[in-house]
Amino acid sequence: MFQTSKKQMTDTTNYSLLLDDLEKAKYDLALAYNNFENAMEPDLIDCCIYQVNALQMRYKFLLTKAKQLNEDPYAKNPLELSEP
C-alpha cells in the first residue's frame with residue numbers, strides 16, 4: 001500500500017538511534033550531577049566538573065542534531081525539492 005524509500009527508513013532509524021543516544025546522555029548527565037554532589041576530595045570535584053561539562057556539551061550536540069532531523073525537509077534545502 002504505502003511505499004517507503006530506503007532513505008526514509010534510514011532517516012527513521014537514524015532518528016530513533018539519535019533519540020536513544022539522547023536518553024543515554026540525559027541519564028549519564030544525571031549520574032554525573034549526582035557524583036558531583038557527593039564528591040568530597042578537591043581532585044574528585046574537579047573531575048566531576050569536567051565530566052558534567054563534557055556531558056552537557058554532548059547532550060546539547062545530540063539535541064541540536066535531533067532538532068535538525070525533525071525539521072521540514074524543505075527548510076533544510078529548498079533547492080533539493082524543486083523540480084527542473
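Setting aside neighbours within four places in sequence, Leu62 is in contact (heavy atoms within 4.5 Å) with Leu18, Asp21, Leu22 and Ala25. The model is a predicted one, in which local features need pLDDT of at least 70 and side-chain atom pairs count only at pLDDT 80 or more, while totals for chains, interfaces and linings use all residues. Numbering runs from 1 along each chain as its sequence is written, and side-chain values rest on heavy atoms, with hydrogens and water left out.

The predictor's confidence in each residue, pLDDT, runs from 0 to 100; the protein averages 81, and 73% of the residues score at least 70. Helix 2 (residues 42-70) has the highest confidence, at a mean of 93, whereas helix 3 (residues 73-76) has the lowest, at 53. Where pLDDT is low, the predicted coordinates should not be read in detail.

The protein contains 3 helices and 0 strands, where helices (H or I, at least four residues) and strands (E, at least two) are DSSP runs numbered from the N terminus. Along the sequence, the pattern reads α-α-α. Helix 2 is built from 29 residues and reaches 42 Å from its first C-alpha to its last, close to the 42 Å expected at 1.5 Å a residue; the expected span is 1.5 Å times one less than the number of residues.

Turning to burial, a residue counts as buried under 20% relative accessible area, exposed over 50%, and partly exposed in between (1.4 Å probe, protein chains only). Buried residues account for 13% of the 84 residues in the protein. In helix 2, the buried residues are Cys48, Val52, Leu55, Leu62 and Ala66. An α-helix has 3.6 residues a turn, so residues three or four places apart point the same way. The protein exposes about 7300 Å², of which carbon and sulfur atoms supply 58%; these areas come from the Shrake-Rupley method with a 1.4 Å probe, and for residues, only the protein chains shown count as cover.

In soluble globular proteins, nonpolar side chains tend to be buried together.

Leu22 lies in helix 1 and is buried, with a relative accessible area of 10%. Not counting residues up to four places away in sequence, Leu22 touches Tyr59, Leu62 and Leu63. Leu22 and Ala66 are 44 residues apart in sequence, yet their C-alpha atoms are 8.5 Å apart in space. For the protein overall, 51% of the contacts between residues at least 6 apart in sequence join residues at least 24 apart.

Gln68, found in helix 2, is partly exposed, with a relative accessible area of 36%. Between Gln68 and Tyr15, the C-alpha to C-alpha distance is 10.0 Å, across 53 residues in sequence. Asn70, also placed in helix 2, is exposed at a relative accessible area of 54%. Asn70 and Tyr15 are 55 residues apart in sequence and 8.1 Å apart from C-alpha to C-alpha.

The cysteines complete the picture. The structure holds 0 disulfides, a disulfide being a pair of cysteine sulfur atoms within 2.5 Å. The cysteine sulfur closest to that of Cys47 is in Cys48, 5.6 Å away and therefore too far for a bond. Cys47 counts as partly exposed, at 44% relative accessibility, whereas Cys48 counts as buried, at 4%.
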